[in-house]
Amino acid sequence: MKNKGLIATIIVLVLFVTYGVSSYNSLVSAEEDVDNKFSQIDNQLKRRSDLIPNLVETVKGYAKHEQEAIDSVTQARAQLAGAKTPEDKADANQQLSGALNRLLVVVEKYPDLKANENFRSLMDSLEGTENRLAVARKDYNDEVAKYNKSVKRFPKSMLAGTFGFEKKPYFEVTNEEKEAPKVDFGSDK
C-alpha cells in the first residue's frame, strides 16, 4: 500500500511540475510574441519619424511664417525619438499625430505646396506608413489581449504572479487621433 501511495504522489507531483513548466514556457512565449509585435510598431514609428524631417523641410520652403506648426511637429518627433517604454511611445505618438494634423491644416493654405511633386511623394509615403502603423498596432493589441488573458486566467495567474509576468498595456489612440484631418490635395477636376 505504501508503494501505491508513493507512486500516486510521485505521479501527481510529476503532472504538477509538467503543467508548471508548460505553463511557464507558454507565458514566456506569449510575452515574447507581445514584444515582437511591439517592435513592429516601433519600426513603423521610426519610419514615420524618418519621413517627417523631409516633410517639414518641404513645408518650410512654402510656409515660412507658419513656424509654430512646424516647431510642434519637430518637438513631437523628438519626444517620440526619446520615448523608451510602450506607454511613453504611445503618448509621444499621440502628440506627433496631433502636430501632424495641425501641419496638414496649414498645408491647405498653400496650393503650390500641394502641387509640389516632392511634397506629394512624401505624403504618399507618410500615408503608407500610417497604414502600416495601424496594422502593427492592431497586431500588437491582439497579441496583448491573448497574453493578458493568459496572465489573468486561473490557475496560470498564480504562476504568472510568482514569476513576475504582468499585464501588458494596449497601444491605444486618442479621440483626437481617431478623427482624420480634412485635407484636400487639389485632386478635384
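Which hand does the crossing of α1 and α3 have, left or right? In this predicted model, the crossing of α1 and α3 is left-handed.

**The α1/α3 pair**
- Helix α1 covers residues 2-62, and its axis comes within 12 Å of the α3 axis, with a crossing angle of roughly 30 degrees.
- Since angles under 35 degrees count as roughly parallel, that makes α1 roughly parallel to α3.
- On the α1 side, the contact is made by F38, D42, L45, R48, I52, L55 and V59.
- On the α3 side, the contributors are P86, K89, N93, L96, S97, L100, L103 and V107.
- Sorted by class, this contact has 10 nonpolar, two polar and three charged residues.

- K89 sits in helix α3, which spans residues 86-107.
- K89 counts as buried because its relative accessibility is 9%, and the cut-off for buried is under 20%.
- Leaving out residues up to four places away in sequence, K89 touches F38, D42, L45, L80, A83, K84 and F171.
- Among these, F38, D42 and L45 also belong to the α1 side of the helix contact.

**The whole chain**
- Of its 189 residues, 36% are buried.
- Take the contacts with a separation of 6 or more: 78% of them link residues 24 or more positions apart.
- The chain exposes about 11900 Å², and carbon and sulfur atoms supply 54% of that area.

Terms used. Residues numbered from 1 in each chain as written. Predicted model: local features only at pLDDT ≥ 70, side-chain atom pairs only at ≥ 80, totals over all residues. Heavy atoms only, no water. Helix = DSSP H or I, 4+ residues; strand = E, 2+ residues; numbered from the N terminus. Buried < 20%, exposed > 50% of the residue type's maximum accessible area, 1.4 Å probe, protein only. Contact = heavy atoms within 4.5 Å. Axes fitted to C-alpha atoms, helices over the stretch in contact; angles between N-to-C directions. Parallel < 35°, antiparallel > 145°, perpendicular 65-115°, else oblique. Left-handed = near helix turned anticlockwise from the far one by under 90°. Nonpolar A, V, L, I, M, F, W, Y, C, P; charged D, E, K, R; others polar. Areas by Shrake-Rupley, 256 points an atom, 1.4 Å probe, with all protein chains shown as cover.
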